[in-house]
Every structure is written in structure tokens, then in C-alpha cells.
Amino acid sequence: MRDLTAVKDALKNHQIELPSWAFGNSGTRFKVFGQPGVPRDPFEKADDAAQVHQYTGVAPVMAVHIPWDKVDDYAALSAHAKANGIRIGAVNANVFQDDDYKLGSVCHPDPRVREKALAHLLECVDIMDMTGSRDLKLWFADGTNYPGQDDIAARQDRMAEALAAVYQRLGGHQRMLLEYKLFEPSFYTTDVPDWGTALLHCQALGEAAQVVVDTGHHAPGVNIEVIVALLLKAGKLGGFDFNSRFYADDDLMVGAADPFQLFRIMHEVVKAGALDPGYGVAFMLDQCHNIEAKIPAQIRSVMNVQEAVAKALLVDAAALRAAQLAGDVLEANAVLMDAYNTDVRPLLAELRAEMGLAPDPVRAYLASGYGEKIVAQRVGGSAAGWGA
Ligand code: LRH
Ligand code: MN
């Protein structure tokens, strides 16, 4: 069994990045159920993200999404975040909501539309220069709905051309994280549909281009930890968009639908030594709290990731290796399941006490009255959302 001090140190150093858009209103094409007290601007989103960090101690970063988090003064937003104990993380571009992007953005048949999309991507790098962000996160809704609608190969060339232009623009410490997704909003082809396509583009670009694995972006039954192991071996795992799903891109709380899958993914990460912040994997959440209270849901999500990480850190690596090399199938599986079936909640409560935090972050947050306070304060103005 691992020494618990090393396990706790690894958990203390592990950082989870929160999505600003999880604090705003979100929903489905059927309905967006607005919630009272929702932030009206990125500053208030940062205030709410800071609450998650205050009670968990491991979420000191908030990713932003442009234009949802567009502000006049990004340095002021960055300073406001810092004043609240967090920092601005990945800058997410958005070329999926403008009317011009009906047939695609960087893959659009019309070069004028491609130019417009590229300009937005480059503007996002300008914003990274102002927020001090390392990561530009790129997800493209680009695709087609009917066979013959456009040339599949030509669209790949257009994608490669745009990515190369953005790659050129990146500064020294900056990275490009390319996110793939099987389908939606496109329902026949998606131009970056899977890890293979994303990897091909990133390998063609260079060192600073890495792949993002959004756990909700695969076909049912896909073994995500195999993809994670392969991307780690290729040195191309830039990060995760954690969430969970029962069916499609449901964006539910990570670990809510399949905590065992999350454990298996984190087992591959821990085994590769990729948990350490220095390794460079961004552990981001990408979720929508359509019906549940948003801040407690984010806190619960961070706790779910911590539980999966703690269990992965408790795997007896030597015993596992020995059983694997001996071909002892049952023993090897038993070693992994022992870790997974370990109740790590007492260990995490102990860890939080050592970090000067309450043992149950959700309960502590609910007792703080912050939720009631923002409902009373945030009257007037328009609640943040996806603006779709
Ligand atoms: C696309 C996606 C992408 C984000 C968006 C909020 O489904 O996962 O990461 O830009 O959600
Ligand atoms: Mn995502």
C-alpha cells in the first residue's frame, strides 16, 4: 500500500480548473431554467469560482469562454480573480454561435467566413497575453449534416491551415489544446470527431499543440482510458474536460454517472506520473448545472475528482505489476478493485483538516450563507448564460 503522506501531498498539489460557464444559466434546446443569484458578468463568475476553491483548496483556476466572458479590461478581471485567491486559466474560443458559422467556421467553404473565424481565434491569443493564460482551448462545432454537403478531405485542409496560423501566433509558454467531439451540433460528419483526428493535427503542428479529452465526447462503449494511455505515451495529452453522461454529451457532474470509469482514467494518469502540475495535463471541468445549484455542484464535482484520484493513488503498483507479469488475471483485477473499493472519504476529510478546511466542503459552503447572499445581491442586470 502507498504511504499516505505521499498520497496526501499529491492530492494537495493536484489542481482542478473550473469552467466559468458552469456558474451561468444553461440548459438544453428544450429549456434553460434560470436560477436566482446567477452571476451577471465574469467578475461575479470569478467570485463564485473562488468559493469552490475556498472550500476545496484545490480549484485555484477558472477557465473563460469568449465572448461569454468578454470584458473591457482583462487585466482587471485577472487582478480581481487574484484578489479572490484564484487565477484565469484556459481561454476557450467560440466559433459556434455566430450566424455566419452555419456551414462551419475554419472549415467553412467560404474563405471570408474562415478569415472571420481565424480572427477570433487570434483575438483569443491576444486575451491570453492579457490574462497570462497558458492554454488556448479550441473546440469546433464544424461538420456537416448530410452526405455530399461538403468535401470531407478539403475541410481537413482548411482546419489544418487555420490551426497552423494560430500555432504561429502562440507565445513562448502558450499552448493550443484541441478538443474532439463525435457529434452535435453536426449530425453527419464532425471535422474533429475523435482523438485520432485531433492527434494527427497536433502532431503536424508541433510540441505546443496537445489534445483535450472531454469525457462526454465519445461514442457509447468507447474505452476512454485506452485513449488516455495512448495520448500520454505520445506526449500529447494536454488536458481533460471532465463531466459525465448516461447517453450523449450530457455534461453532468463528473463521476456522477460512472465513478469507476473516472477512477480507471485517473489510474492511467497516476501510473504515467501525469498527475503532477509540472507534467502539464490540465484537469478542467466542463459541465452544465441545468437543474441543480451551481456552486455546490462544482464543489461536489471537485470532490468526485479528488475521490477518484485518491483511489488511483492507493493502487499497489508493485503488486499490480507482479500479478500482470505473472498473468494472474484475477489477482491483477483484485489489486485494482481493492483500491477502487477503498472508502477514501476519511482520508480526504483528514487532508482537508490538514489544509485548514472543513471535512465536508459542500456542507460548509451551504452553512456559509453565500448562496442566499448572492440571491439577495444579484438583482437586476441580466444573468449570464450561453447567449445562444
Ligand atoms: C463542446 C464543449 C466545449 C466547450 C463547450 C462549452 O461540447 O465541450 O468544450 O466549448 O462544451
Ligand atoms: Mn468540453
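User: Which residues are the protein donors of the manganese ion (ligand 2)?

Analyst: This is a predicted model. In it, the protein donors are Glu179 (OE), Asp214 (OD), Asp241 (OD) and Asp286 (OD). They lie 2.1 to 2.2 Å from the manganese ion (ligand 2). In sequence, the donor residues are spaced E-x34-D-x26-D-x44-D. Glu179 sits in strand β6 (residues 175-179) and Asp214 in strand β8 (residues 209-214). The two are 35 residues apart, so this pair links distant parts of the chain.

User: What makes the arrangement around the manganese ion (ligand 2) octahedral?

Analyst: The angles do. Six donor atoms surround the ion, and they subtend angles of 73 to 169 degrees. Six donors count as octahedral if opposite ones are over 155 degrees apart and all others lie between 65 and 115. Therefore the arrangement is called octahedral. Ideal angles for six octahedral donors are 90 or 180 degrees.

User: Why is Glu179 called buried?

Analyst: Buried means under 20% relative accessible area. Glu179 has 2%, so Glu179 counts as buried.

User: How do you know that Asp214 is buried?

Analyst: Use the cut-off of 20% again. Asp214 is at 0% relative accessibility, so Asp214 is buried.

User: Why does Phe187 count as exposed?

Analyst: Exposed means over 50%. Phe187 has 52% relative accessibility, so Phe187 counts as exposed. Phe187 is found in the loop between β6 and β7 (189-190). With Leu182 and Phe183, Phe187 forms a nonpolar surface patch of about 290 Å² accessible area.

User: What makes Glu184 partly exposed?

Analyst: Glu184 has a relative accessible area of 36%, so Glu184 is partly exposed. Glu184 is also in the loop between β6 and β7. Glu184 touches Trp139 and Asp249, leaving aside residues up to four places away in sequence.

Methods. Residues numbered from 1 in each chain as written. Chains lettered and ligands numbered in written order. Predicted model: local features only at pLDDT ≥ 70, side-chain atom pairs only at ≥ 80, totals over all residues. Heavy atoms only, no water. Donors = N, O, S within 2.8 Å, 3.2 Å for Na, K, Ca; no water. Tetrahedral: all angles 85-135°; square planar, octahedral: opposite > 155°, others 65-115°. Helix = DSSP H or I, 4+ residues; strand = E, 2+ residues; numbered from the N terminus. Buried < 20%, exposed > 50% of the residue type's maximum accessible area, 1.4 Å probe, protein only. Patch = residues over 30% accessible without salt bridge, like charges linked within 9 Å, V, L, I, M, F, W, Y side chains within 5 Å. Areas by Shrake-Rupley, 256 points an atom, 1.4 Å probe, with all protein chains shown as cover. Salt bridge = Lys/Arg side-chain N within 4 Å of Asp/Glu carboxyl O. Contact = heavy atoms within 4.5 Å.
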